[in-house]
Amino acid sequence: MGRSGKIDAMYELARQQYAAIGVDTDDAIRRIGDVAISLHCWQGDDVGGFEGDAQSLGNGLAVTGNYPGRARTPDELRQDLQMAYSLIPGNHRLNLHAMYGEFDTPVDRDAIDVQHFQGWIQWAVDQGVPLDFNPSFFSHPHAADGFTLAHSDPGIRQFWIDHGIACRKIAAAMGAAQGSPCIDNFWVPDGFKDTPADRKTPRERLAASLDEIFSGSLPPTHTIDAVECKLFGIGSESCVVGSHEFYLGYAISRNQMLCLDAGHFHPTEVISDKISSVLMYVPELLLHVSRGVRWDSDHVVTFTDELQAIMQEIVRGGFLDRVHIGLDFFDASINRVAAWTIGTRNALKALLAALLEPTEQLQQLEREGDFTARLALMEEQKMMPLGAVWDHYCQVSDVPAGRQWLDVVRQYEQDVLKLRSDASVPA
Ligand SMILES: C[C@H](O)[C@H](O)[C@@H](O)C(=O)CO
Ligand SMILES: [Mn+2]
């Protein structure tokens, strides 16, 4: 029997095993096929962007590693992304930062326009990869002292307000072209290294700046705004203006989408436990699925308990239509196409595991107070043949089922990535 036949045979056994506990594997595969994960462009070039006058990253963001093959141009980034998408089952999205526009001449952030993203918009339509968007409030001289929308200087504040307004217009154009809303996520680094004497005024300024940015109404069929909190960053250890409480309150009071980044809380605090709470009060959630190691280190997403718990919460709560799953990690110490592939495949595997749970049975046991059986079945679930269903899903999606995807990435590294050098950046 060939490999494909073996995958079919293993799937048939798994299908029967799941059916015995009341789980329909074909239905789980249908449901996961409808979930689009938004891959983040910034894993492909270490959060560099294409503005030409690359500023040092700063603003609490740090990428370590010097693996060869960083994408140096939009075309290279698109080529690398296409390679990653070809190794991931399903149809997914791309999350683009504003600093990744295509600029013939220098254009400052407050003056960027739809024309600078036409190449991305066309690529997205051609590839069937819808776009999400992010204003870039970092790596810029006007963010050098750590403040943007909450800055005490009204001129600098206005510069960043104009950037936010420009980005909403671009996101709306993306949504119109692709026929589905482009989520436009706002994260600002603003914060204090040491104990502030006044936490209140910067927060008032941030709220006022955001209100100004969001005051223009745009069709929700084209773009939806989201706001992302953070506990601390390097250089903002003592106080981040846009804290969780700030944005939770902001999003609830403005009926807006909230973004929860898995790396933006205390190291032992998990976002899985927040999903059902915040969805009682905000219409929709965006997730930045990340993996902090001791701090917001943005490691590649692995198949951790927390990743599984996040996906379980989405499925158990019936939230698949209200939660948008994006990724946010950047590791320059390994092959960057592999990083996307590993992280996205893991997110999907965890989602598939959640879709293969006998959710109703577990919740019924809980309602009856039979916590013994609930725990017993949750633990038995861990030995169910998830891998056989995953392999089948990959096979019917025409992507490598097991570790074979790595051979494809290795070949791409030889043929494409290794030929890139900083000395010869294409025009
Ligand atoms: C590039 C950033 O990681 C991203 O915009 C933001 O979502 C973040 O998480 C900052 O820590
Ligand atoms: Mn994030």
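Predicted model: local features only at pLDDT ≥ 70, side-chain atom pairs only at ≥ 80, totals over all residues.
Residues are numbered from 1 along each chain as written, and ligands are numbered from 1 in the order in which they are written. Local features need pLDDT of at least 70 and side-chain atom pairs count only at pLDDT 80 or more, whereas totals for linings use all residues, and side-chain values use heavy atoms, without hydrogens and water.

The residues that surround ligand 1, including Trp42, Glu228, Asp328 and Phe330, each have a heavy atom within 4 Å of the ligand. This shell divides into four nonpolar, three polar and five charged residues, where Asp, Glu, Lys and Arg count as charged.

| Side chain | Distance to an oxygen atom of ligand 1 |
|---|---|
| Asp261 | 2.9 Å |
| His264 | 2.9 Å |
| His288 | 3.1 Å |

Taken alone, ligand 1 exposes 300 Å², of which the protein buries 99%, with areas from the Shrake-Rupley method and a 1.4 Å probe.

The UniProt record, an unreviewed entry, places the feature "binding site" at His264, Asp296 and Asp298. Although these residues span 35 residues in sequence, no two of their C-alpha atoms are more than 9.7 Å apart, so they gather at one spot. His264, Asp296 and Asp298 also belong to the lining of the largest cavity; a cavity is a set of points on a 1 Å grid where a 1.4 Å probe fits but cannot get out, and lining residues have an atom within 4 Å of a point.

Definitions and conventions: Polar contact = N/O pair within 3.5 Å; in protein donor to acceptor, adjacent residues only side chain to side chain. UniProt positions renumbered as here; feature names shortened; annotations may be inferred. 1 Å grid on protein atoms, 1.4 Å probe; cavity = no way out; pocket = protein on both sides within 12 Å on 5 of 7 lines; lining within 4 Å.
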